[in-house]
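Reader: Please take me closely through one part of this model, beginning with a loop and its backbone, and state each cut-off once as you go.

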Amino acid sequence: MKTKQLLLGDEAFALGALFSGLSGAYAYPGTPSTEIMEYVQKHPLTKERGIHSHWSSNEKTAMEEALGMSYCGKRAITSMKHVGMNVAADAFVNSAMTGANGGLLVAAADDPSMHSSQNEQDSRFYADFAMIPVIEPSNQQEAYDAAKEGFEMSEQYRIPVMIRFVTRLSHSRSIVETETEAAVENELHYPENAGQWVLMPAVSKIRNRKLIENYSLLEKISENSVFNRYEEGPDKRIGIIASGIAYNYLNEAFNGEIPFPVLKIGCYPLPRKLIERLYHETDSLLILEEGQPFVESRIRGYYPSEKPVMGKLTGEVVRDGELSPDVVKNTFKKIVPDCNDKNEVVKGIPSIVTRRPPALCQGCGHRDVYGALNEALESYSSPKVFGDIGCYTLGFLKPFNAIDTCVDMGASITMAKGAADAGQHPAVAIIGDSTFTHSGMTGLLDAINEDSRITVIISDNLTTGMTGGQDSQGTGKLEDIILGLGADPAHVRTIDSLPKNHDEMVRLFKEEIDHAGLSVIVSRRECIQTLRRRK
């Protein structure tokens with residue numbers, strides 16, 4: 001029996017996984033992937049079956065925990081944003097070598113246009129590098145279907161499968177046809193060849209040959225995947241390859257009446273035979289893909305300089321930012337001006353619309369930390385504040401202009417240490433509680449071991465605030481963690497970041513900045529948003 005539901009792309013995938021016999025979900029919150037885990041957590045089936053759905057400390061631990069569940073024969077998903085793939089990369093790449101036992105899906109949500117990210121990296125490159133297959137849904141229904149298809153592919157070929165999302169798919173809603181009953185979970189069972197999971201060189205050499213052999217098989221399977229489809233068109237001047245959500249944009253640009261042959265791609269490795277058919281039946285190729293020119297670069301490798309191949313690398317398609325129906329229309333206006341476009345091309349955001357940058361919430365404790373820190377640093381000639389990833393990164397903007405760097409999760413402490421090693425003083429690191437337990441602890445251990453002359457401020461709002469208020473692994477434990485790592489108790493200080501404590505915060509910051517060694521200050525105040533919800 002089927003029913004219909006209105007779902008986000010993230011939610012559709014999560015529901016598809018639940019109805020496909022999911023036993024465990026592992027994730028660290030990161031836009032635009034957060035809603036996958038949140039949907040699993042809130043679904044009645046999770047409580048009924050005892051499905052694992054707790055947040056992990058970071059993406060690497062989430063990947064490894066999901067791999068452990070797969071080892072025991074059960075179906076697991078791990079979800080993260082694209083830069084989280086950098087953190088999980090060690091385990092992700094090696095999971096192709098160990099293989100999977102129970103179905104294992106890695107949902108990577110990319111963020112073209114960098115709505116809430118440091119870069120526009122494309123997770124398909126990770127999967128290609130690791131020789132792991134990818135399913136790239138073009139709409140919410142395919143996101144739902146990808147879970148079942150992905151689990152079956154993972155278990156049939158004994159390999160993890162990446163499910164690639166982009167922001168617009170993750171965060172837009174559509175009607176999805178779903179089952180009404182969930183499949184049963186897998187029974188506990190172990191790999192037939194347990195030795196393949198021990199990646200010593202002798203084992204890895206055998207596994208690497210097997211991985212290459214299986215990848216050739218997956219290329220053939222891709223030719224018949226339900227996510228790859230060849231569509232005829234009368235105008236052979238251009239053959240279009242559209243992957244993922246770009247296929248939806250193409251259809252919208254032409255109101256579903258595309259005059260050119262189209263190859264829709266939603267499953268990788270690339271379907272070489274279908275590509276060759278399109279190539280030989282048309283005069284040129286146009287590649288439409290959300291993200292970096294992954295497909296385009298491979299097409300160029302297949303057919304060097306024989307026919308025109310247009311896309312992001314040649315400038316016909318914009319290289320940065322998101323695609324959209326209007327971007328696609330503009331592309332066709334450039335390359336085939338006589339193309340029958342039934343819709344007027346939108347030329348951009350009207351000048352009357354003003355972009356409003358994000359800002360720290362009124363009542364946010366980070367505001368008081370920055371206000372006190374700025375005042376404390378006024379008496380120093382060249383202070384440097386090394387920032388990190390979180391709500392508090394907004395301290396870079398007016399009116400605070402309080403941080404000098406922000407690179408990746410946990411980099412505040414290690415960059416401050418490196419600056420201090422170079423002779424910089426003051427060198428201040430500011431990091432949030434969730435980011436600290438994600439990847440700041442090891443950097444702090446470096447600083448402790450050398451008693452580096454840096455001041456680390458952990459702005460603790462008792463949650464993972466930037467992504468909506470998920471649990472923070474360090475809540476109630478930060479001081480114990482810091483002391484357990486070996487920090488000098490005399491220079492581990494705690495203060496409530498309240499307006500009434502402003503003068504005391506300024507005095508404390510200056511006192512620890514002047515200390516000729518490592519100091520750690522935990523400045524604590526509950527996130528105003530989670531406080532409101534709790535009240």
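Author: Met 131 is placed in the loop between α6 (124–130) and β5 (134–135), where helices are DSSP runs of H or I with at least four residues and strands are runs of E with at least two, numbered from the N terminus. Although Met 131 is not a glycine, its phi is positive, at about 60 degrees. The model is a predicted one, in which local features need pLDDT of at least 70 and side-chain atom pairs count only at pLDDT 80 or more, whereas totals for chains, interfaces and linings use all residues. Residues are numbered from 1 along each chain as its sequence is written, and side-chain values use heavy atoms, with hydrogens and water left out.

Arg 158 also has a positive phi, near 55 degrees, and is likewise a residue other than glycine; its place is in the loop between α7 and β6 (161–166). With 38% relative accessibility, Arg 158 counts as partly exposed, a class that lies between buried (under 20% relative accessible area) and exposed (over 50%), computed with a 1.4 Å probe on protein chains only.

Rings of Phe, Tyr and Trp (its six-membered ring) pair if their centres lie within 6.5 Å, with planes under 30 degrees apart counted as stacked, over 60 as edge-to-face and the rest as tilted. The count by this rule is 11 aromatic pairs. One of them joins Tyr 71 and Tyr 190, tilted at 55 degrees between the planes, with 6.2 Å from centre to centre. This pair links distant parts of the chain, as Tyr 71 is in helix α4 (residues 59–71) and Tyr 190 is in the loop between β7 (173–179) and α9 (201–222), 119 residues apart. Tyr 71 is partly exposed at 28% relative accessibility, and Tyr 190 is partly exposed too, with a relative accessible area of 48%.

The rings of Tyr 71 and Trp 197 have centres 5.0 Å apart and planes at 85 degrees, so this pair is edge-to-face. Here again distant parts of the chain are linked, from Tyr 71 in helix α4 to Trp 197 in the loop between β7 and α9, 126 residues apart. Trp 197, with a relative accessible area of 15%, is buried. Taken together, ring pairs link Tyr 71, Tyr 190 and Trp 197 into a cluster.
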